[in-house]
Amino acid sequence: MKTFEIFDKQDTRSGFGAGLLEAGKRNDQVVALCADLTGSLKMDAFEKEFPDRFFQVGIAEANMMGLAAGMTIGGKIPFTGTFANFSTGRVYDQIRQSIAYSGKNVKICASHAGLTLGEDGATHQILEDVGMMKMLPHMTVIHPCDFNQTKQATLAIAEHNGPVYLRFGRPKVPTFIRPDEPFVIGKAQMINEGTDVTLFANGHLVWQAILAGQALSEQGISAEIINIHTVKPLDEDAVVRSARKTGAVVVAEEHQLLGGLGGSIAECLAQHAPTPMEFVAVMDSFGESGTPEQLMDKYGLNAENIVRKALLALGRK
Amino acid sequence: MPTPQELNRIASQVRRDILRMTNGSASGHPGGSLGCADYLVALYFEIMNVHPEKWDMDGIGEDLFFLSNGHISPVWYSVLSRRGYFPVSELGTFRKINSRLQGHPATEEGLEGIRVASGSLGQGLSVALGAAQAKKLNGDKSLVYTLHGDGELQEGQIWEAAMYAAHNKVDNVISVVDYNGQQIDGPLSAVLDLGDLAGKWKAFGWNVLTMDGHDMEDILKTVHQAQGMCGQGKPTIILMTTAMGKGVDFMEGTHKWHGVAPNDEQLANALGQLEETLGDY
């Protein structure tokens, strides 16, 4: 098992903010829209640097999605910013018709996703957003794992032509991806090569998978850890190759089991390489108030549960 | 520039197209389409500066039009084809399998003239405002036009957009409401009344004009007046009085033809009331 250096503890939303500012410097067609959450989305640096290219839309997310779709007509590359709940569920039909079906080059950037929003509770802790977005034709769905990767992903989607859903979060978590590590949309990232069991994860669960891999290593089990930062399009080659190599799979994500990364990988493996699989996800329930750590423990989105599920999958080989 | 009389002759042909298209697919929305034929003909043949021969999505340097009430696609398709965006013969494929002329307007099949999908109501004003702001960022002085159903104004997103446009001084937009007073389930006054509609738009910070949507001279005069109000810090909307089903006596003024196509006998009767001026497709 490789060792991983923690460079810092930072929030992924700040990675987005840093990436957006840099994207704005690199390309003057980049514009940003925000629904009254500029500070929460860390879009204030972009607003300050490019006031003419920043659009405060107020608490009116449906209008924001339509505005963004319209701004692409004339060549702009709009990034919308609000919480993940208000970026998806609240505006699903606007995204579906005006952005996805219309093939518009809009980047839907969603913070405070999942349980780690914490104390605000279930109204704000969306756990269904990846499912909604991945069902839409033309939509690319990305969920990076740390500050550096979120920054690089933000830069990458600015260069990509087509609608994208970029999901990130609020809490400060370990930064362990090198800042110069390039981000390739749709390309799975090998975190640790192993032979006995594959741990697929994305978002905050990638670090938990690393901790799980270390614990498994102490039991003499070699875990392959792969970061599936792009849920759609899924890197099927990487998924199938690793499943065939290890013969046992765990998928870990901060999302509902229904409609999440686990479902995408299961669909892929069922077709190409049936493999014993276990899932670390929220099991058909809403979240609740609590600290991020308490919630991740209560709902089993942690290294300990990944280890437990890995042993279960290994037992089914 | 075509005269009002010439525009009326084009509108007669557009009405024939609408009836034949909806009859041909035994589906679609003739009522609102007939009601907006005069305005869309005026828009594409006199008012807007457009370049159908070199169509592209961005439309830089030309005026843009967004149809927010996408169900009246027959009138838009007819006008687009008659204006030269795509072959008139393609109108015969409306709503049929493998057609670019989807039941509601879409970009997916690459139909020239369409810049965003519409059909799910209430979204077009937001998209148009985004396009208008992109024009401002690009230093492009051309204008953005929108058309909305009056029933569509029951959607909340319209009012989010209305508030946004005034606050941000999006003054390169001219919106029009097809104020025919009808929706699928009956008169608006019975389903969900819009109340003082002019007062509502004024309160939201818009210039409000009114016009008769079946008087070509009034359409041209009013829209030119609206053009003169652009660039002065306020968006403009025109409440356009129309009759659903205009031009066909048994369809006129009722919601019953909102989403019902004429059968062959009804078609023959209706076509007998409308002169074929440009040749049927």
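## A tour from helix α6 of chain B

Start by selecting residues 156–167 of chain B: this is helix α6, whose 12 residues reach 17 Å from first C-alpha to last, close to the 16 Å expected at 1.5 Å a residue (1.5 Å times one less than the number of residues). Helices here are DSSP runs of H or I with at least four residues, strands are E runs of at least two, and both are numbered from the N terminus.

This is a predicted model, where local features need pLDDT of at least 70, side-chain atom pairs count only at pLDDT 80 or more, and totals for chains, interfaces and linings use all residues. Residues are numbered from 1 along each chain as its sequence is written, chains are lettered from A and ligands numbered from 1 in the order written, and side-chain values use heavy atoms, without hydrogens and water.

Next, show the side chains of α6(B). Its buried residues (under 20% relative accessible area, 1.4 Å probe, protein chains only) include B:W159 and B:Y164. The buried residues of the helix pack (heavy atoms within 4.5 Å) against β3, α3 and α5 of chain A, and against α5, β2 and α8 of chain B. Just after the helix, stop at B:K169, which takes a positive phi of about 50 degrees.

Now pick A:I265, which with B:W201 has the most contacts inside the largest nonpolar core, of 77 residues. Such a core joins buried Ala, Val, Leu, Ile, Met, Phe, Trp, Tyr and Cys residues through side-chain atoms within 4.5 Å. Around A:I265, look for A:F200, A:V251 and A:M277, among the residues that it touches.

Finally, zoom out to chain B, with 10 helices and 7 strands. Of its 281 residues, 60% count as buried.

Note on methods:
Buried means under 20% relative accessible area, exposed over 50%, partly exposed in between (1.4 Å probe, protein chains only). Lists of a residue's contacts leave out its neighbours within four places in sequence.
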